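This report goes through a handful of local features that can be followed residue by residue in the sequence and the coordinates.

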Amino acid sequence: MNSKQIQESAAFIQSKLQAEPEIGLILGSGLGVLADEIENPVAISYKDIPHFPESTVSGHKGQLVAGQLEGKQVIAMQGRFHFYEGYSMEQVTFPVRVMKKLGISRLFVTNAAGGINENFQPGNLMLINDHINNMGTNPLIGPNEEELGPRFPDMSQAYNKELLKHAKQCADTLDLSIQQGVYVGNTGPTYETGAEIRMLRTLGGDAVGMSTVPEVIVASHMGIQVLGISCISNMAAGILDQPLSHDEVIETTERVRQDFLSFVKEIVKTLP
Ligand code: HPA
């Protein structure tokens, strides 16, 4: 993937859009419904976009939806690309490069995640205030394209403090109780063992999932302001005496759908 491919993808998408998007949204497992709230939507299937991979996992659609949300121009990924599907890190993060090219300055990244922090409950929403890259690789490995960002990017401000503060205020406005914590990105596709979860808790993780970290690294590389929201779909392995299933993840995200929708819409609506 190089600048030319980013440019070609962006040009194709741009030719279908009515306005320049300012906010990008990546919608995780079971959270794609947010795209249905976009007004005057232009939907573009991933398979039609030059250089875009195709999404395979159940519970994910594979399209971009652009339009207005609460008066702001947005572009949403309804379904993302996961490393565990066999895509390269470059492919997983390619849409973030393209959204930046299209004009976004902010990216809202959402996911379903397992709760490591024992004070969490399934159905909680967690604002991500930091992450641990536990994927054993990094999307920026390889030659650096200086026009995209620096060789050695700072990650200490990856989750934008102002957006975080703004999101907390919105939770207060809606009287929504919200958690905050560190997201650990694992490759998957296996869920963790109980021992792995105990290790991740010792290391400072509050929630664990199989996405988000690569996209946030790449967004950060390009100077995009990131807000991350995890939907705690289950308690991580070993906390409860029961096996984990993808069905449980989808069921919980569907149960908290309304809170999630109201929350993101309030954040977008009142964004300074
Ligand atoms: N572990 C990893 N990824 C997840 C989980 C989990 O418990 N729940 C949802 N995504």
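Tyr46, Phe52, Phe81, Tyr87 and Phe94 come together as one aromatic cluster. The model is a predicted one, with a chain average pLDDT of 94 and 97% of the residues scoring at least 70; for the complex, the predictor gives an ipTM of 0.99 and a pTM of 0.95.

**Aromatic pairs**

A pair of aromatic rings is described by the distance of the centres and the angle of the planes. Across the whole structure, a search finds five aromatic pairs, and two of them are set out below.

| Pair | Centre to centre | Angle between planes | Geometry |
|---|---|---|---|
| Phe52 and Phe94 | 5.9 Å | 70° | edge-to-face |
| Phe81 and Tyr87 | 5.3 Å | 80° | edge-to-face |

Ser9 itself lies in helix α1 (residues 3-14), and it is classed as buried because its relative accessible area is 0%, where the cut-off is under 20%.

In helix α6 (residues 246-255), the buried residues are Glu248, Val249, Ile250, Thr252 and Thr253. The elements covering these residues include β5 (106-115), β9 (225-235) and α7 (257-269).

Rolling a probe the size of a water molecule over the atoms shows where empty space is left. The count comes to one cavity of 30 Å³ or more, and the volume of the largest cavity is about 40 Å³. Its lining is made up of Met235, Ala236, Ala237, Gly238, Ile239, Leu240, Gln242 and Leu244; of these lining residues, six are nonpolar, two are polar and none is charged.

**Backbone geometry**

Most residues other than glycine have a negative phi, and most peptide bonds are trans. The peptide bond from Gly188 to Pro189 is cis, its omega being near 0°, and Pro189 is placed in the loop between β7 (179-185) and α4 (194-202).

Glu70, although not a glycine, has a positive phi of about 50°; it is found in the loop between β3 and β4 (72-78), and its relative accessible area of 31% makes it partly exposed. Asp175, also not a glycine, has a positive phi of about 55° and lies in the loop between α3 (161-173) and β7. Is Asp175 buried or exposed? With a relative accessible area of 72%, Asp175 is exposed, because the cut-off for that class is over 50%.

Note on methods: Residues numbered from 1 in each chain as written. Predicted model: local features only at pLDDT ≥ 70, side-chain atom pairs only at ≥ 80, totals over all residues. Heavy atoms only, no water. Buried < 20%, exposed > 50% of the residue type's maximum accessible area, 1.4 Å probe, protein only. Helix = DSSP H or I, 4+ residues; strand = E, 2+ residues; numbered from the N terminus. Contact = heavy atoms within 4.5 Å. pLDDT = per-residue confidence, 0-100. 1 Å grid on protein atoms, 1.4 Å probe; cavity = no way out; pocket = protein on both sides within 12 Å on 5 of 7 lines; lining within 4 Å. Points joined across faces, edges and corners; volume = space filled by probe spheres on them. Nonpolar A, V, L, I, M, F, W, Y, C, P; charged D, E, K, R; others polar. Phe/Tyr/Trp six-rings, centres within 6.5 Å; stacked < 30°, edge-to-face > 60°.
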